Structure formats: structure tokens, C-alpha cells
Amino acid sequence: MFSAAAESFLRQAREIHEEELRRFAGRVSALLQGPEPGAEAAEGLRRLHLTVAATKYPRRLDGKFVELLQTVLCSPKSPEQVQVLCAAILREMSPCNDLILCCDEIQDTKLLSLVSSVLLAQGNKKGEVAAVGQRVVKVLEGRLPEGQSALLLLPVLANVINLSPESLTEEQTDAVSRKLADWLRYASTQQGVVQPLGGFFSSPRTKQPAPVTEVDGAIATDFFTVLSVGQHYTQDQWLNVQAFSMLRNWLLLYGGQEGKAPNPGDKPGMDRSVTSMVSTTSTSSRLLPPKEHLREKAFEYCQRLIEQSTRRPLKKDDGDLQRACLIEAVTIMDIICKQDSSYVYRAVSFLKTLHGRICGDATYARALLPIAQFFLNHSKLAAVDSDAIYKHLFTDIPAQLFHNPSLAFEFVQFCKDNSQLFMDTSTIFRQSFPNLFKFLAWNSPPLISEFVDLLPFLLDAGTAIEIFHLLLDLPCLTAALDIQLRAAALPATSEKATSDPAVKPTTCLEAFRHPLYKSTFQHLLRTKSAPEDTPESLIPLRQLLGSLAGNPRVVQCAETVPVLLELFFRVVAESADGSLINQLVVLLLQRSNQLYEIPAFKDDVYRVLSSQLAMLCKLHPALVVELSTEILEFSGAVSNIQSKEPIFTHMVWAVGEYLSVSYDKRCTVEQITRFFETLEAVLFEITQLRPLASTPSCAPRAISVLMATLTKLAARSQDLIPRVSMFLSKMRTFVQSPAVTSVYCEEDLEEILIRATELMNLLKMPSVAQFVFNPPMDVASTRLQREVNDSLPLALRMVTHLLEPAPGCMPA
């Protein structure tokens, strides 16, 4: 946030009109054309820069004034401050049609840096990026004049290769590679000399430069790196730091992919020590081609950084820098090994030792990711077993650090990027999905898109059931993680008090370690897949965690579940067999009674489960026969209509659609009759009119689907037609009852009556009804039968029109 004064300045700058801006630019122009632009000209340029930068839309400046800015920028007489401001204004005006700048003849590195920044802001319309790249490399190749430094040019070069890597030729990249190798390896190990300022107390003699030190205060005995400490740094030391900052990108772009195959006679355990000894000598290293020379020096530099990371820093900031440099060093070593496989043997044992040293320190958790990445890429070549590294990564880190948002994103991104590699090399990844979901439970919705990409890799026939349970319990997992964090902060005395089995817990915190809930908490917070240990019911724990249902983090997590559920069923549908589909349908019906008590969450989950139930039935229609006991139990409960109407309606629709010999030869008349009687009893229960009894308020859609399903079943077992016809004929009495009209709107009652009349008319022609509901196989794919939900009303209206030109409707 800006201060009040800054806000005032910005508001004034935004409110300046074009005419006022033009007049002000004219006054600045007069100041710049003086003998030597001074402080007044610098102040005018500063105000002008604020004005052109304060708005989102580009400001217009006169073409002659823009030309003057370029002239002043390139003039050797202009003060540095004025040049910087001119360049800043020109960048804000970019892309600029009046640009006449050119960097071809510029020798001064400061001016080249400023001019390049303006040219790179143009968007490479006229090849500006390539021109800047060519000039910068040419200046770096030559000997710089006295007082000039390459420090200002490396950031320009980094921008060039980001914008247009192909703008440099191979000869140029080779030249820069040699420069980078020298800057990395041969920087001074002495601190910079501070020139005395003069004065009565100043010493006439210059102090001798002191050596740089390590982060723990010891004198550095090896070459300089970004982790070397000093009060004042020399130019070559700053170049060392800049070279390391752009090293990774440079290797990726220009390091070359011509990896040298390892010698068949080399053994991994030998670590190629002879090669290492020879290559580290200055003479032999300089004989290498530029790319290999840079790789060698970069590898040595990374080894030195990893060694320096073992030292205990005197300052906290140095510790943070150590960890950041360690991550970068391991990443660069991985890149080098991809480009030249002979380095793999030197890196493997080195990184294994590093992993053993840092795996127990949570502050180094992020560094474990590039180490694991290295072994994923190279363990097969090095013939080493890396399962211990993966196991620690997937077991300990998510369980301990799920609440670290930046680590959570990096960890899940790492899993997503390497999903296929893990699938091919290790089973630990797929077994650890309960741990991975802790990141989502605590950090949703920011991680939802990553998990959408990750979930298909975690799903197979062995994990589908457990993942289905986990998705439905994801808000419970969020609540449990919240309790876990709070319980960890409790003193040990309170922990002992809450674990007394004789005292029943009254709060979530007390229940966390109480014997009554301990096993269910442990299952919910498990670190790896354990389908055989799934508790029979988590209902008591869900009820206990109900006090956290309004927690914002829990609510946010609940909002992500429908998205993942839809993806879950979409992936399962691609490869699931009948057995797995049957299991999912049974669980779907069971778990619809066992959801976390968040009303909006339950409504969204019911919506998804109902639509997916229809999809599963379509994939495997035989499940209606195979799961007849479970389906009868679910559809025979009137309470399911009120509590979970979408699922009930889709299940009843599936019975009417697929309980047919056309879909399963095992379907019998006895089964049809049993389903009919069960659904008939349900429809009777919700439509009967009893004195002094309240009428159940059921969705009109459920009543319509029940009537349609009973009609379909009767068409397949014609002995049932009289029973359903009599029932349908009583629907007029139902919809006209005062008790019913007080509950339903007129449009719903009219729709129910019209549907009952149409179904009753259809049953008057049993052969037509059987054709509509059980078409021959050569007709089943026609447009009329492709979508029963759409085609059935049309068929009913056609039959009704034949029998009754004016179908029954609501009386006036």
C-alpha cells in the first residue's frame, strides 16, 4: 500500500490532461537543451516519468521531444541521473514509433545497458533483441576500457536469452560459456579494498585486503562462491554472483544435449575419481570445448556450494541463503548430468550423503525435491536403489509440513511433473495418496487445478474405492488436520488428561488422543494407502467434527470436492470393469447417508453422485440385477426421498430402464414383481391421504419417476398392469386434495396428473407399451429411443393423442 503522500502524487499525475502534459514537456525540453542539464532538469524528468507511468494507458509525447530524450540519453555530457531518467521515460513510452536509438557503436557499458533496456522494451518488432544480443556479446568478448565493467551487461544478456535464445550464434554462446566458467571459478578470494575518504583522522595508507570468510566465520580456503562472506566485494566477485544467477537458464538453452556415454569399463562405485582429478586441474579443463568446460566448472561450483551448506551460519539470513543455493546447486547438477552422463557417477554418492544429512531437518524440506528429481532421472543409469529417498519424501514431508503453502505447491507440482516417472519406477507414489491429499485438504482451492492433473495417475482398480472414500471425507480431513495442529501446541499435561478412557471427550481437542476416537483419527490422518484398515464407520467422528463445519478452511475444501468427484468418475469410467462399478454403486448408496454436515456440501455431492449413478448404470446395466438386494433396500426407504431426492430419483429411473431381460438374461418375473411391489409401497406411502396425517412433501419429479418406473415394470410383466392402472387412476383424487394443494404448486400438480394420464393411456395398449419400453435391438438405437428421458414424453403424448384428443387436465 502507498502512503497518503504517495497516493496524492499519483492522483495528481493521473489527472494531468494532455494539453497540460504537452506544456510541461516543453518546459523540460528547454531545460534539457541548456549548456549542461542540471538538478532542475533532473527534477523535471522525474516528474515527467511519474506522469507517464501513473496511468494504465500510454501517454502521448511530441515526436521531437522523444527524439531529444534519445539525444540526451546518448550524450557523453549528460549526467548519469539524467540519462537514467531519459531511459526510464522511453521505456514507459514503448513501443515507440519515433525510436532512432542504436547500440552498434556504443562502448560505454553503462550507456549500453541503458540503451539496451529501451531497445528490449520495443518487443522485437525490428530485430532489436538480436541487435542488443550481438552488441553485448561483442563487448564482453573484447577487453573492456579502464573503468568499465561487465557487471551491467550480464542482466542485459539474461534478458536477451529469455526473449530470443536463437539470437546468439554458436560461436557467441561458446565465447560467453568460457567467460561464465572463468567468472565462476577464478574470482578473487580477497575482499575489496575500501578507499579512504580523507580527513584529519583518516590513515594515509590503504588497508591490506582481508580474505573472504565462510558463513560460520572461518577464513575461506577454497574458491569464491555466492556463499562466501565479505564486507566489500570486488568486480570479479560480483560477476561470480551474477554468473551463478543465470547459470541454470544458460545451461538449459546452450549447454548442449550431446551427453557422453559412460565407459562400459567404469563402475559406479569408482566415482570416476581419476577423471575427476584430471578435470579439476586448470590446464586440462581449459583444453575442453567451451560447453564441456563450463559444465566442469559449474559442477565444481555446485559441489563447493553443497559443502558450504554444511556450515552453521552466524546470521539467520545466511541460513536462508544456504538453503536457496543448495536447491539451485542440486538442480544445476541434475541438468549437467542430463547433458553429460559421465557426471552421474560423481554426483550420486555426493547427493546420497547430502540427503542423509538434511532429511531430518524440516528447514531443508524444499531441497529434498530436487534431490528426488535427480534420482528419478539418473538412478537407473547409476544402478542405485532410491526407494528410501522417495519413501521419506512422501511419508514424512506431507504429514509434517502440509500447512506450508509454498512447499505444498512445489511438492504437488513436483508430483504432477513426474507422475509418469514415478509410475514406471516406484509404487510408493501411488501408495502415498492419503498423504498427498493433506496438501489439498489444507490448501484448497489454490491446488485444485494441480490435483485435477494428478488424480488420474493415482487412480487404478486397487485405489479407486479408497480414493472415493477419501474424496467424500476431504472436509473431515481438513478439520482433523486443524485439530492435529492445535493438539501439537498443547502442553504435555493436558495431553495426559484428555487420554483418560474413563472421561468422555466433549471437544474435538479432547477427542484427538482419546482412546474412543484415536483409531478413527489415525485412519483419517494415515500416511499411506490402507484399504484393509478402513473403519466400518466414521459417523461418530464426523458428528464430533461438526463444530468445525463453519471453519473457512473446511468450507473452502468442501467446495473442491464436487469437481474432483466428477473427475474421479470420468477416469474410472474409462477402465472400470463390472465388479468395480458394482462396488462403487453400493458405496455410493451407503455413503449418501454418511457425509459431513455442511448443507451446501451435501447438496453439491448429491447432485454429482446422482448424475454419476446414471452413468455407472449405463456402463453396466446388469448391476440392477446383481445388486438387487442393496437397491431394493435403498429405494424402499421413503426417508431417502426427502433426504437425498436426486440419488433416489436416478436409482429408481435406472431400475425402470435396466431391469429387463433385454439388458440381462438373468432378469426374472419374480425380480420384476419384487421391485414393483417395493416401489408401489413407496409411492402409496407418499401419496395416500390419511385423516389427521400430514402429507409427505416429496419432489414432483420423484412421484413422476416412480409412476413411470412402475409402468415400465408392468409393461414387462403384464399381470401387474391392472394394479398400476388402478393406482394411476387415483392420482386425480390425490392432486385435488386440499392437503396436497397446500403443499404443491398448481403447475407441479398439473404435470403429475398429465403424466399419470399419459401412462395410463399407454397401458391400455400393452403391445405398444412393451414396444416403447422394450424395443427390439434393431430399434433401440433410433432417435426415439436414444435418450429415454427425452423420448418418453413424446411417446406418451402420441399415444394419448390417439386415445384421447383432449387429455385430462386440472379442473377449473
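Helix 16, which spans residues 344-358 of this predicted model, has 15 residues and reaches 21 Å from its first C-alpha to its last, close to the 21 Å expected at 1.5 Å a residue (the expected span being 1.5 Å times one less than the number of residues; helices, H or I with at least four residues, and strands, E with at least two, are DSSP runs numbered from the N terminus). In helix 16, Val344, Tyr345, Arg346, Ala347, Val348, Leu351, Leu354, His355 and Ile358 are buried, where buried means under 20% relative accessible area, exposed over 50%, and partly exposed in between, with a 1.4 Å probe and protein chains only.

Because the model is predicted, local features need pLDDT of at least 70 and side-chain atom pairs count only at pLDDT 80 or more, whereas totals for chains, interfaces and linings use all residues. Residues are numbered from 1 along each chain as its sequence is written, and side-chain values use heavy atoms, with hydrogens and water left out.

For the protein chain as a whole, the secondary structure comes to 45 helices and zero strands, and buried residues make up 50% of the 812 residues. Of the contacts (heavy atoms within 4.5 Å) with a separation of 6 or more, 75% are accounted for by residues 24 or more positions apart.

Helix 2, residues 18-32, likewise has 15 residues and reaches 21 Å from its first C-alpha to its last. Its buried residues are Leu21, Phe24, Ala25, Val28, Ser29 and Leu32. These residues cover an arc of only 150 degrees around the axis, which puts them on the same side of helix 2, the arc being that of the directions from the helix axis to the C-beta atoms. The face turned away from this buried side carries the exposed residues Arg22 and Ala30, while the buried residues of helix 2 pack against helix 3 (39-53), helix 4 (63-74) and helix 5 (80-92).

Helix 3 and helix 5 pack at an angle of about 20 degrees, with their axes 9 Å apart; axes are lines fitted to C-alpha atoms, for helices over the stretch in contact, and angles run from 0 to 180 degrees between N-to-C directions. The two helices are therefore roughly parallel to each other, a term for angles under 35 degrees. Residues meeting across this pair include Leu45 and His49 in helix 3, and Leu85 and Ile89 in helix 5.

Glycine 217 lies in the loop between helix 9 (170-185) and helix 10 (235-245), and is partly exposed, with a relative accessible area of 38%.

Notes. Angles under 35 degrees count as roughly parallel, over 145 as roughly antiparallel, 65 to 115 as roughly perpendicular and the rest as oblique.
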